[in-house]
Amino acid sequence: MSTSKSMTTYSQVLNLLPGRGYGKELTIKRAGANFENSETIYQPEQLIIVKTYRFEGESDPADMAAIYLIHGENGEKGFILNAYGTYSDEDNQHYNEFIKRVPVDEIDHLEV
């Protein structure tokens, strides 16, 4: 039994992110990570995961994903979307090692 009043899908959350200042996706590459339309390259220690949302699709495994809200040390904000399983970014050889090293300091009152 769910205690929440309504279920939110990850696509609904993604649609809300730009209005809350988290509209830029963070891309992880060999040299580091950068937010879209930004030339700043971050190392894991220069970022903070401030919120994690997990979505588990009851009927469709393609609906399983995590969204990480990220702050960069210079004030840039954005997100990483990572699907679980087959659709995961884990095939990016740099992703796992990078994301494990990003510090987590969740902001309790932060809601999208």
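Q: Is K51 buried or exposed in this model?
A: K51 counts as buried, because its relative accessibility is 11% and the cut-off for buried is under 20%. Keep in mind that this is a predicted model.

Q: Where does K51 sit in the chain?
A: K51 is part of strand β3, which covers residues 47–55.

Q: And which residues is K51 in contact with, leaving aside its neighbours within four places in sequence?
A: With those neighbours left aside, K51 has contacts with I67, Y68, L69, E106, I107, D108, L110 and E111.

Q: Which strands form the open sheet with β3?
A: The open sheet has 3 strands in the order β3-β4-β5, and the pairing is antiparallel. β3 and β5 (77–83) are the edge strands, each pairing on one side only. From one strand to the next, the twist averages 20°.

Q: How many bridges are there between β3 and β4?
A: There are 8 bridges between β3 and strand β4 (residues 65–72), and the two pair in the antiparallel sense. One example is T52, whose bridge partner in β4 is Y68.

Q: Switching to the hairpin: how many residues lie between β1 and β2?
A: The hairpin of β1 and β2 has 2 residues between the strands. Strand β1 (residues 26–29) runs antiparallel to β2, and 4 bridges join them. Among the bridge partners, T27 goes with N34 of β2, and L26 goes with F35 of β2.

Q: Which way do the residues of β2 point?
A: In strand β2 (residues 32–35), G32 and N34 point one way, A33 and F35 point the other way, and all are buried. As background, side chains in a regular strand alternate between the two faces of the sheet.

Q: What about β1, which face is covered and which uncovered?
A: L26 and I28 make up the covered face of β1, while T27 and K29 make up the uncovered one.

Q: New topic. Which residues touch the most other members in the largest nonpolar core?
A: That core has 15 residues, and L26, L47, Y68, I70 and I80 touch the most other members. Two or more residues come from each of β1, β2, β3, β4 and α2 (95–101).

Q: What is L47 in contact with, sequence neighbours within four places aside?
A: Apart from those neighbours, L47 is in contact with L26, A33, F35, Y42, I70, H71, G72, F98, V102 and P103.

Q: Which residues does the second core include?
A: The second core is separate and has 10 residues, including L17, Y22, F79 and L110.

Q: Now the rings. How many aromatic pairs are there?
A: The count is 2 aromatic pairs. In one of them, F35 and Y42 have ring centres 5.7 Å apart and planes at 80°, so this pair is edge-to-face.

Q: Why does 80° make the F35 and Y42 pair edge-to-face?
A: Because planes over 60 degrees apart count as edge-to-face, and the planes of F35 and Y42 are at 80°.

Q: Are F35 and Y42 buried or exposed?
A: F35 counts as buried, at 0% relative accessibility. Y42 is buried too, with a relative accessible area of 1%.

Q: Last one: what lies over the face of Y22?
A: K77 lies there, at 4.7 Å from the ring centre of Y22.

How values were computed:
Residues are numbered from 1 along each chain as its sequence is written. This is a predicted model: local features need pLDDT of at least 70, side-chain atom pairs count only at pLDDT 80 or more; totals for chains, interfaces and linings use all residues. Side-chain values use heavy atoms; hydrogens and water are left out. Buried means under 20% relative accessible area, exposed over 50%, partly exposed in between (1.4 Å probe, protein chains only). Contact means heavy atoms within 4.5 Å. Rings of Phe, Tyr and Trp (its six-membered ring) pair if their centres lie within 6.5 Å; planes under 30 degrees apart count as stacked, over 60 as edge-to-face and the rest as tilted. A charge sits over a ring if NZ of Lys or CZ of Arg is within 6 Å of the ring centre and within 35 degrees of the ring normal. Two strands pair if DSSP finds at least two bridges between them. Axes are lines fitted to C-alpha atoms, for helices over the stretch in contact, and angles run from 0 to 180 degrees between N-to-C directions. A nonpolar core is a set of buried Ala, Val, Leu, Ile, Met, Phe, Trp, Tyr and Cys residues joined through side-chain atoms within 4.5 Å.
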